[in-house]
Amino acid sequence: MHNYSLNTDYRKNAIIIIMVISFILNSLLYSPMNLFIDFLGNKIGFISVLISQCDKIGISISQVSVLGIFGIIYFLYIKFLWKTKVFKKLHNIPDLNGEWNGSYLSSYIDDKGQPKMGGCNVTIKQDWNKISIKCEFGESSSSYSKTASLYVDDIEGSILTFTYINDSNNPNWKTRKHDGCNIFHCKDGALKGKYFTDRDDGTHGKIQLVKTEPINEKVNIKKEFN
């Protein structure tokens with residue numbers, strides 16, 4: 001997985017809010033925590049020595065407690081909490097995790113003189129900070145994202161843009177590996193957009209995907225792209 005950028009300050013705001021919550025929780029738990037630490041210090045000599053050494057270098061129990069609480073809350077947030085309905089209403093960042101299936105139409109002309117079209121499968125793994133996007137086009141080729149960004153609060157829905165490197169299994173293609181860019185509009189459980197490549201013939205095309213929907217079962221290529 002790699003980092004992805006946002007067009008908002010939600011990440012910075014989330015860190016500030018979590019830090020404030022950490023200070024509040026530390027204040028509420030400070031007395032019980034001190035009693036517990038003192039109890040451990042009396043029972044375990046190592047704990048008492050560790051506390052004494054921390055005091056000598058200016059590290060207090062409250063500092064450790066705040067950092068510990070912040071670390072726990074932040075970990076839970078970036079992995080799980082950000083995807084819950086409550087938080088999604090606050091930041092509007094779409095949760096794209098899962099399998100996406102659909103179809104593509106390419107400007108590439110096949111042996112029959114027709115634009116190439118077919119089914120595709122996309123696997124997206126995402127947390128608060130990182131994302132990875134793998135696209136598979138049957139047995140012919142697959143691509144992996146290198147960079148990505150999310151534009152949220154767009155009138156037409158969020159926009160996912162990512163660059164990728166594609167590795168083709170077709171020995172007849174002039175360019176076996178190439179770079180490209182996808183631009184997807186994310187709305188109503190669907191990803192619809194376009195792509196561009198830097199192949200010799202500069203191919204481009206359209207892609208539409210729906211979450212956990214079998215390839216071509218409900219997606220009519222000719223109907224959707226005509």
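This is a predicted model: local features need pLDDT of at least 70, side-chain atom pairs count only at pLDDT 80 or more; totals for chains, interfaces and linings use all residues.
User: What makes up the protein chain, in helices and strands?

Analyst: The protein chain has five helices and nine strands. Both are DSSP runs, numbered from the N terminus: helices are H or I with at least four residues, strands are E with at least two. Along the sequence the pattern reads β-α-α-α-α-β-β-β-β-β-β-β-β-α.

User: Why is Asp127 called buried?

Analyst: Buried means under 20% relative accessible area, exposed means over 50%, and partly exposed is in between (1.4 Å probe, protein chains only). Asp127 has a relative accessible area of 9%, so Asp127 is buried. Of the 226 residues of the protein chain, 38% count as buried.

User: How do you know that Asp127 and Lys79 form a salt bridge?

Analyst: A salt bridge needs a side-chain nitrogen of Lys or Arg within 4 Å of a carboxyl oxygen of Asp or Glu. For Asp127 and Lys79 the N to O distance is 3.2 Å, and the pair is a salt bridge. Asp127 lies in the loop between strand E3 (115-126) and strand E4 (130-137), and Lys79 in helix H3 (residues 61-79), so the pair ties together parts that are 48 residues apart in sequence. Lys79 has 32% relative accessibility, so Lys79 counts as partly exposed.

User: How many salt bridges does the rule give?

Analyst: The count is three. One of them joins Lys134 and Glu136, with the closest N and O atoms 3.7 Å apart. Another joins Asp179 and Lys146, at 3.3 Å from N to O. That pair links distant parts of the chain: Asp179 is in strand E7 (residues 177-187) and Lys146 in strand E5 (residues 141-151), 33 residues apart.

User: Why is Lys146 called partly exposed?

Analyst: Lys146 has a relative accessible area of 40%, so the label is partly exposed. Asp179 gets that label at 30%.

User: What makes the positive surface patch?

Analyst: Lys85, Lys88, Lys89 and Lys211 form the positive patch. Patch residues have over 30% relative accessible area and no salt bridge; like charges are joined within 9 Å, nonpolar side chains (Val, Leu, Ile, Met, Phe, Trp, Tyr) within 5 Å. Lys and Arg count as positive, Asp and Glu as negative, while His and the chain ends are not counted. Helix H4 (residues 85-91) gives the most to this patch, with three residues. Lys211 sits in strand E9 (residues 204-211). Lys211 has a relative accessible area of 32%, so Lys211 is partly exposed.

User: Which residues make the nonpolar surface patch?

Analyst: They are Ile16, Ile17, Val20, Ile21, Ile24, Leu25, Leu28 and Leu29, and the patch covers about 710 Å². Ile17 lies in helix H1 (residues 10-43).

User: What is the phi of Asn92, and where is Asn92 found?

Analyst: Asn92 has a positive phi of about 60° although it is not a glycine. Asn92 is found in the loop between H4 and strand E2 (98-109). At 37% relative accessibility, Asn92 counts as partly exposed.

Definitions and conventions: Residues are numbered from 1 along each chain as its sequence is written. Side-chain values use heavy atoms; hydrogens and water are left out. Accessible areas come from the Shrake-Rupley method with a 1.4 Å probe; for residues, only the protein chains shown count as cover. The place of a charge is taken as NZ of Lys, CZ of Arg, CG of Asp or CD of Glu.
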